[in-house]
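Dear colleague,

I am handing over the structure below, together with some notes on what turned up when I went through it. Please read the notes with the coordinates open beside you.

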Amino acid sequence: MSRKAQMAVAVFKSPLRGEYPQKNGLERRQPVGRRRVFVQTETGCVLGMELDRSDSAHTVKRRLQVALNFPVEQSSLTFGDMELKNDLDAVRNGTPLLLTRNCLHRSSSTPCLSPNGKDLQQRDRSGPIEILGHSDSFNVLKGVVKDIVKAIKMGVDPLPVHSGLGGAYYFRNPRGESVAIVKPTDEEPFAPNNPKGFVGKALGQPGLKRSVRVGETGFREVVAYLLDYGHFANVPPTALVKVTHSVFNVNDGVNRNRPNKKSLVSKIASFQQFVQHDFDASDHGTSSFPVSSVHRIGILDIRIFNTDRHAGNLLVRKLDGIGRFGQMELIPIDHGLCLPETLEDPYFEWIHWPQASIPFSDDELEYIQNLDPIKDCELLRRELPMIREACLRVLVLCTIFLKEAAAFGLCLAEIGEMMSREFRAGEEEPSELEVVCLETRKLIAERELSSPMSDVRDAEFQFDIDFEEPGLDLNPKLVTDDFMTRAPFHLGNGFVNNHFPLSRLDECFEEGEEESEEEAEQQCFSAFKALEAIPSISKLSMSLKNSSVGDKSQKYSKLSETKQENGCLNNSSGHRSANEQLPGSVSFVTLADMNEEEWTFFLDKFQELLYPAFEKRKSVTLGQKQIQRLGTSCQF
């Protein structure tokens, strides 16, 4: 096994479910004395509480029941991948926990009685804004928080943001200037308290991207900031906070209090410093953007597998007051859909910008070479202990892919194209990166079939979610097998939805179709049939050669019929369920269902198969350049 593969595997020395690694200095530190934690119910209610060493999960549930009148019977206290049965030793100071009910049929309308302002202050003595986490990277935000708290005491209230699909608020300083944007996790699209009609799911269920759960985009915003070492890509300072204010939204079905009476409510939210800017990238010609800014943002997007990098979340600031060529600064925001739990189809707005086809500079290559996915995982586990191991595997895979591709000599555009899926005749095909992963999985399957222990399998997987609606099973093994047992690239319902800038969901939606019973039966095919159905890497690569990345926008030609008003879709009831608003999606490759040995073998073989794929991508690029030289100079 290669040294890089050994390094990448070092962070995964235990199964994905259950206890966390206890080796290599990555174990969760045992807390000393009292700890402060923040417990959030699946309907969004939040309570901060102090814990002693003797306190148990049952103690936490009882306190929450008394404070918020939340029913705790048949409930589970979760901490990322881990369910806390009783012992709380794994929980560190400042950790957010999630309390969910174990019922098979859950309703986001189950009441959660938020305490009034007086009761809240008596039971939770924290300030209006409390930063979760202790990284020095958050120090820059402490002054911002102090200014906001001072402004709130002076009567300067936050302002709701009317654009976008989720709830967001501009928090201001005493002069009335916006200094931070706050996005509560329970007001995300489809979350219980979404203020714009996009409701229908509890926290922890699949969201806009089925491998990014509702309520978990907030910590992903922080991931992008923490991984932006040296402010390389210019991500604004971001942290998770517990914030209390009466401006926040609580939907009528979630709170039995009178809807017209605003009272204090606490939320877990992402807190990002507001950056003054002139416009976003959709309002200006992209050719004048600095090459280095495009490269640096692209490098970050590749590392974190950003599935939603569109022009609207690239802010532009003029450095000279005029915005002449190269005199602009790009500020990337909105990273809530990075690091999905499975490989999806990313969206890179910059992929066709001319800057992306320019080779990396020596400084950029040195930065990429120095990236260490092991240290990245250590950092994220330490500062964001709720992050799921499946997300970290995606981070490791993409970082290795970026490092190897850059060392091979690929430019940013070529790397982005290899990660992006193709669309042919309305159907979605796996990306070149996914093709390599599929071929690697095929090697694992062949190895297992030849092993005498091949019949011994672990029955549990990373994405066991006991409250999924029909057709939204996130079990990665079944999703992958579902693809592999069908004809290559056939999606069953004939509709795909991944490769689309989600900002445009403000403007258009189309109802997805239900999966057929026949497709459900196909999930039960044997592993041997699945192995036979995986196309070879050479055939897939040739298929991808003949497909244009630009074709990806065609599948959304029908999504422009739905009208909107004030940032939400027209609907007679004012609310639409999540299943009505988004079509189904497909996952070709998952990483979380592999055990330690398989993951080690996967990373080793993955790197071996990368170089033939890089050679094919180079030949495709050279062929495209040759075509452009022949007879295209007279086109207007």
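Leaving aside its neighbours within four places in sequence, L380 touches V223, L226, L227, L339, P385, I387, L392 and L395. Please keep in mind that this is a predicted model.

L380 belongs to the largest nonpolar core, which has 106 residues, and is listed with F271, L339, F602 and F606 as one of those with the most contacts inside that core. The largest share of this core, twelve residues, is supplied by helix α9. There is also a second, separate core of 18 residues, with V37, L77, L84 and L88 among them.

Is α9 enclosed by the rest of the structure, or open to the outside? Because 18 of its 20 residues are buried, which here means under 20% relative accessible area, α9 is largely enclosed by the rest of the structure. Just after the helix comes G409, which takes a positive phi of about 110°.

The next helix to consider is α10, residues 412-419, whose axis comes within 10 Å of that of α9, the two crossing at roughly 140°. Angles over 145 degrees would count as roughly antiparallel, so at this angle α9 is oblique to α10. The crossing of the two helices, α9 and α10, is right-handed. On the α9 side the contact is made by C398, F401, L402, A405 and A406, and on the α10 side by I415, M418 and M419. As background to the spacing of such residues, an α-helix has 3.6 residues a turn, so residues three or four places apart point the same way.

Finally, there are two backbone points to check. Most residues other than glycine have a negative phi. H231, however, has a positive phi of about 55° although it is not a glycine; H231 is placed in the loop between α5 (217-227) and β10 (238-245), and with a relative accessible area of 39% it is partly exposed. D334, likewise a residue other than glycine, has a positive phi near 55°; D334 lies in the loop between β14 (328-332) and α7 (362-369), and its relative accessibility of 26% makes it partly exposed.

With best wishes

How values were computed
Residues numbered from 1 in each chain as written. Predicted model: local features only at pLDDT ≥ 70, side-chain atom pairs only at ≥ 80, totals over all residues. Heavy atoms only, no water. Buried < 20%, exposed > 50% of the residue type's maximum accessible area, 1.4 Å probe, protein only. Helix = DSSP H or I, 4+ residues; strand = E, 2+ residues; numbered from the N terminus. Core = buried A, V, L, I, M, F, W, Y, C linked by side-chain atoms within 4.5 Å. Contact = heavy atoms within 4.5 Å. Axes fitted to C-alpha atoms, helices over the stretch in contact; angles between N-to-C directions. Parallel < 35°, antiparallel > 145°, perpendicular 65-115°, else oblique. Left-handed = near helix turned anticlockwise from the far one by under 90°.
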